[in-house]
Amino acid sequence: LSEKPAEITKQLENVVAVEGEDIVLSCEASKPVSAVKWFKDGKAIRKSQKYEISQSGNENTLIIHQTTTKDAGEYTCGAEASKTTAKVSITGAPVYFKEELQNTEGEENGTANLRCELSKPSGAVTWSKGSLAIVSNKKYKVKQEGPLHTLLIHNLEPTDSGNYTCSSEGQQTTASLTVKGEEAVSWRQANTDRLVVRIWYTRPERRVEADPIVAFRRGLDKYFKKKKNCKVVGKDELVALLKSWQRHNGSNGLLLCC
């Protein structure tokens, strides 16, 4: 009597895995069979670094290492007289920031560099300052090198100070940029009716308070075209000028001290 050919006695089961995980598929035959073959979408699978094929008694196993979405499909284990097929589904691994943005400072007219790193190289990101989206142009340059994402901000101005955000698939990282200008304006109360405008350099090596007349000429005057010989102005007028300065240049570089 001829020996009965081996048959599959335990079927493969469908598998759902997350990208990057290893998958184990196993089936059992009615007897040990060295000629069991594995297929993916009808194409034969051979042992390799990607696929690990093994047999222990009647059990036959296929391990798929480091899965990607390309590994999704139908896998078949074929014995002498029968076969079993299962579906493998791969979901993309959730994206997260391996390296978040860091607060940074830049010099006026210089370039700022904001950088972050995603958990996978294929992730796409968007950049924004506050609620405004950023795209590459003369002012901004957006770069990607694998999982590394960089935003370069050229020709820095005080108005570039603020919070910048990098977003990807519902995840985001935010950091602040502070632009150091050449000069900072301050005012102090001389009496109840009048204010004196002064200016000093914000860079540590140049932290020298200047004469009030020079301050007014080099500071507010270049923005508001006031008379260069003005030293003291009415409180209400100066407060209005300072608010206008802040509106146009942001709070960076504007120090108010009573």
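Student: What should I know before I look at it?

Tutor: This is a predicted model, in which local features need pLDDT of at least 70 and side-chain atom pairs count only at pLDDT 80 or more, while totals for chains, interfaces and linings use all residues. Residues are numbered from 1 along each chain as its sequence is written, and side-chain values use heavy atoms, with hydrogens and water left out.

Student: OK, what is the strand order in the open sheet of five strands?

Tutor: The order is β2-β9-β8-β4-β5, with mixed pairing; strands here are DSSP runs (E, at least two residues), numbered from the N terminus, and two strands pair if DSSP finds at least two bridges between them.

Student: And which ones are the edge strands?

Tutor: Those are β2 (15-18) and β5 (43-44), each of which pairs on one side only. For β2 the partner is β9 (residues 83-91), in the parallel sense and over four bridges, and within that pairing V16 has S89 as its bridge partner.

Student: Switching to β7, is that strand mostly covered or mostly open?

Tutor: Strand β7 (residues 59-64) is mostly covered, since five of its six residues are buried, where buried means under 20% relative accessible area, exposed over 50% and partly exposed in between, with a 1.4 Å probe and protein chains only.

Student: Which strands are joined to β7?

Tutor: Strand β3 (residues 23-29) runs antiparallel to β7 and is joined to it by six bridges, with C27 opposite N60. Strand β6 (residues 51-56) is also antiparallel to β7, again with six bridges, and there I53 is partnered with L62. In the hairpin of β6 and β7, two residues lie between the strands, and G57 takes a positive phi near 65°.

Student: What about the largest nonpolar core, which residues have the most contacts inside it?

Tutor: They are I23, L25, W38, L62 and Y75, in a core of 22 residues; such a core is a set of buried Ala, Val, Leu, Ile, Met, Phe, Trp, Tyr and Cys residues joined through side-chain atoms within 4.5 Å. Its largest share, four residues, comes from β3.
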